[in-house]
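Here's a quick tour of a protein model, with a stop at a helix and another at some aromatic rings. Have a look at the structure first, then read on.

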Amino acid sequence: ALPICAGRRWDRASRRRASACGRSRPRRCPCAAPPPGASAAAAGAGSSEAGASPSSGTVKPKFDVFISYRRSTGSHLARLVVVYLKFAGFNPFIDVEGLAEGAFDEALVNTLHDVQHVVVLLTEGSLDRCMTDTANKDFVRKEIAIALRLGKNVVPVHNNFVFPTPEQLPADIREILSQNMVEWHHTYTDASVAKLVRFLRGQKG
């Protein structure tokens, strides 16, 4: 016969039934409360089996494309490019939503080291500050220079942009003018996106 559950009320009728069959009140049964500390141990074992704990934190996303742009004239295009690249299967980084905690410039540099591709948005006046940046403090210049120095696949995307001469740019970013480029046409967005995706996948032309 099944033991009488210790979690139920041990009333007179239960005692009479137990006495009649020679059974005593069970010390514990599967539905009784676990002993002190058992729940915590089980929870710890479960979390270790799952490979995570509350203190382990969240997994950082793995970006593969860095979007470099001038906020004053390129924010709208940057968000468009992010949407289209995600749809194409990439995981682009944009500074307004991808930065982790820490110093702003340090986080940008770390991300540039990690990604394979860098898309530089050349919009109206986006390189003007670079031409006069004698102290090397402009973020757009820094991003382009680091990407070129690290040998990333740099793809400029220009829209309503007047190209300077190489001599007008600092030496560390002049190479940006000789990269394979994509002209962004709002009227022919699909063609612009298709060309950008080809360049990112190593298919030139």
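A residue counts as buried when its relative accessible area is under 20%. F161, at 11%, is therefore buried. Keep in mind that this is a predicted model.

**Helix α7**
- Helix α7 covers residues 139-149, and eight of its eleven residues are buried, so the rest of the structure largely encloses it.
- Among the buried residues are V140, R141, E143 and I144.
- The charged end of K142 sits over the ring of F139, 5.4 Å from the ring's centre.
- Just past the helix, G151 has a positive phi of about 75 degrees.

**The cap at the start of α7**
- D138 sits in the loop between α6 and α7, and D138 caps the N-terminal end of α7.
- One of D138's side-chain oxygens is 3.2 Å from the backbone nitrogen of V140.
- D138 is itself buried, at 9% relative accessible area.
- Skipping neighbours within four places in sequence, D138 touches R70, R129, C130 and D133.

**Aromatic rings**
- The structure has four aromatic pairs.
- In one of them, the ring centres of F66 and F93 are 5.1 Å apart with the planes at 25 degrees, so this pair is stacked.
- That pair ties together distant parts of the chain: F66 is in strand β1 and F93 is in strand β2, 27 residues apart.
- F66 is buried at 1% relative accessibility, and F93 is buried at 0%.
- F161 and F163 make an edge-to-face pair, 4.8 Å between centres and 85 degrees between planes.
- F163 is partly exposed, at 35%.
- F63, F66 and F93 form one aromatic cluster.

Methods: Residues are numbered from 1 along each chain as its sequence is written. This is a predicted model: local features need pLDDT of at least 70, side-chain atom pairs count only at pLDDT 80 or more; totals for chains, interfaces and linings use all residues. Side-chain values use heavy atoms; hydrogens and water are left out. Buried means under 20% relative accessible area, exposed over 50%, partly exposed in between (1.4 Å probe, protein chains only). Helices (H or I, at least four residues) and strands (E, at least two) are DSSP runs, numbered from the N terminus. A polar contact is a pair of N or O atoms within 3.5 Å; within protein, one must be able to donate a hydrogen and the other to accept it, and residues adjacent in sequence count only if both atoms are side-chain atoms. Contact means heavy atoms within 4.5 Å. Rings of Phe, Tyr and Trp (its six-membered ring) pair if their centres lie within 6.5 Å; planes under 30 degrees apart count as stacked, over 60 as edge-to-face and the rest as tilted. A charge sits over a ring if NZ of Lys or CZ of Arg is within 6 Å of the ring centre and within 35 degrees of the ring normal.
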